[in-house]
Amino acid sequence: RTFLARRPHAPPFLLCCTLQAKLFLLGKSLGLHIGHFISGFFLFSLSLLEVDFGSLRPVLTFPWDHFQAPCCDKLYTCRLCHDSNEDHQLDRFKVKEVQCINCEKIQHAQQICEECSTLFGEYYCSICHLFDKDKKQYHCENCGICRIGPKEDFFHCLKCNLCLAMNLQGKHKCIENVSRQNCPICLEDIHTSRIVAHVLPCGHLLHRTCYEEMLKEGYRCPLCMHSALDMTRYWRQLDDEVAQTPMPSEYQNMTVDILCNDCNGRSTVQFHILGMKCNICESYNTAQAGGCRISLDQQ
């Protein structure tokens, strides 16, 4: 079986941000080191191994360091913990010192402890002062932050001011500095968010989670009303429904001016309660742009 173990004098375990860890009993002979508090803040120092009927499988191969916030001179395991506990945000670029969780030596921010050679992170950025597992991260000079790679799978669009997947190169609609705008659904920052951004066909950005929630209620971009995904198949189904649902005789000769949200074209079409199809791009993502009227050639 698998058990949870900690040293007798160690304080209760706290989870930091989204980092979740399972601590397992390895036996006293392994000398498992769990953690302790310094200045009232949990210092996360552990070596994790999972025991499965006598076999050992590493879960986390290195401990974490703790940076000293230059704004309030306190020790934190990450900037998100700092921001949630303080009334101000941490400027990650101004971090100068870190503390090793093994020897507790405070030193200049670096990847390996100068005292005990503890590895602070498989990946370390000396600009962002980001310590993390190796996720093929890379620092983008134009974005000014680290991105999850690998780097060769992405390119930086200078107009959008954002790193995008290579399959979007030359195939996306550019909007100047689009990533510097907040998500139009949750109104939170997109550029530095840990949530993946989703690029809509219109060029606007949403958090991936916000995009998925939006599709439960509708299909249009909340900013420009353009279709947020390929609706061709649904439009053809709507064609069949319109053909099978004739309007009452008093409405059969009625026309209306419409504006298409997908191609921005204007056209005059026959009014139908189920939807009015754009004559230019055949989309039903349209809006009525004028009053209904009886067609002159049908009067």
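Reading the model by feature

A: This is a predicted model. Start with a loop residue: Phe 271 sits in the loop that connects β18 (266–270) and β19 (286–288).

Q: Is Phe 271 buried or exposed?

A: A residue counts as buried when its relative accessible area is under 20%. Phe 271 has a relative accessible area of 15%, so Phe 271 is buried.

Q: Which residues does Phe 271 touch, beyond those up to four places away in sequence?

A: Phe 271 touches Met 247, Tyr 251, Met 254, Thr 255, Val 256, Met 276 and Cys 292. Distance along the chain and distance in space can also be set side by side: Phe 271 and Ile 258 are 13 residues apart in sequence, and their C-alpha atoms are 9.6 Å apart in space.

Q: What about His 204: where is it found?

A: His 204 belongs to the loop between β15 (197–199) and β16 (205–207). With a relative accessible area of 14%, His 204 is buried. Setting aside neighbours within four places in sequence, the contacts of His 204 are Ile 175, Val 178, His 198, Val 199, Cys 221, Leu 223 and Cys 224.

Q: How do I read a helix, and which residues in α3 are buried?

A: Begin with the span. Helix α3 covers residues 232–243, which is 12 residues. From first C-alpha to last, α3 reaches 17 Å, close to the 16 Å expected at 1.5 Å a residue. Then look at burial: Trp 235, Leu 238, Asp 239 and Val 242 are buried in α3. Viewed down the axis of α3, these buried residues fall within an arc of 110 degrees, so they line one face of the helix.

Q: How many bridges join β13 to β14?

A: Strand β13 (residues 154–157) and strand β14 (residues 162–165) are joined by 4 bridges and run antiparallel.

Q: Which residues lie nearest the centre of the second largest pocket?

A: For a pocket, read the volume and then the lining. The second largest pocket holds about 460 Å³ of space. Its lining has 17 residues, and those nearest the centre are Arg 79, Leu 80, Gln 89, Asp 189 and Thr 192.

Q: Which helix gives the most to that lining?

A: Helix α1 (residues 79–85) gives the most to the lining of the second largest pocket, contributing 3 residues.

Conventions
Residues numbered from 1 in each chain as written. Predicted model: local features only at pLDDT ≥ 70, side-chain atom pairs only at ≥ 80, totals over all residues. Heavy atoms only, no water. Helix = DSSP H or I, 4+ residues; strand = E, 2+ residues; numbered from the N terminus. Expected span 1.5 Å × (residues − 1). Buried < 20%, exposed > 50% of the residue type's maximum accessible area, 1.4 Å probe, protein only. Arc of directions from axis to C-beta. Contact = heavy atoms within 4.5 Å. Pairing = 2+ DSSP bridges. 1 Å grid on protein atoms, 1.4 Å probe; cavity = no way out; pocket = protein on both sides within 12 Å on 5 of 7 lines; lining within 4 Å. Points joined across faces, edges and corners; volume = space filled by probe spheres on them.
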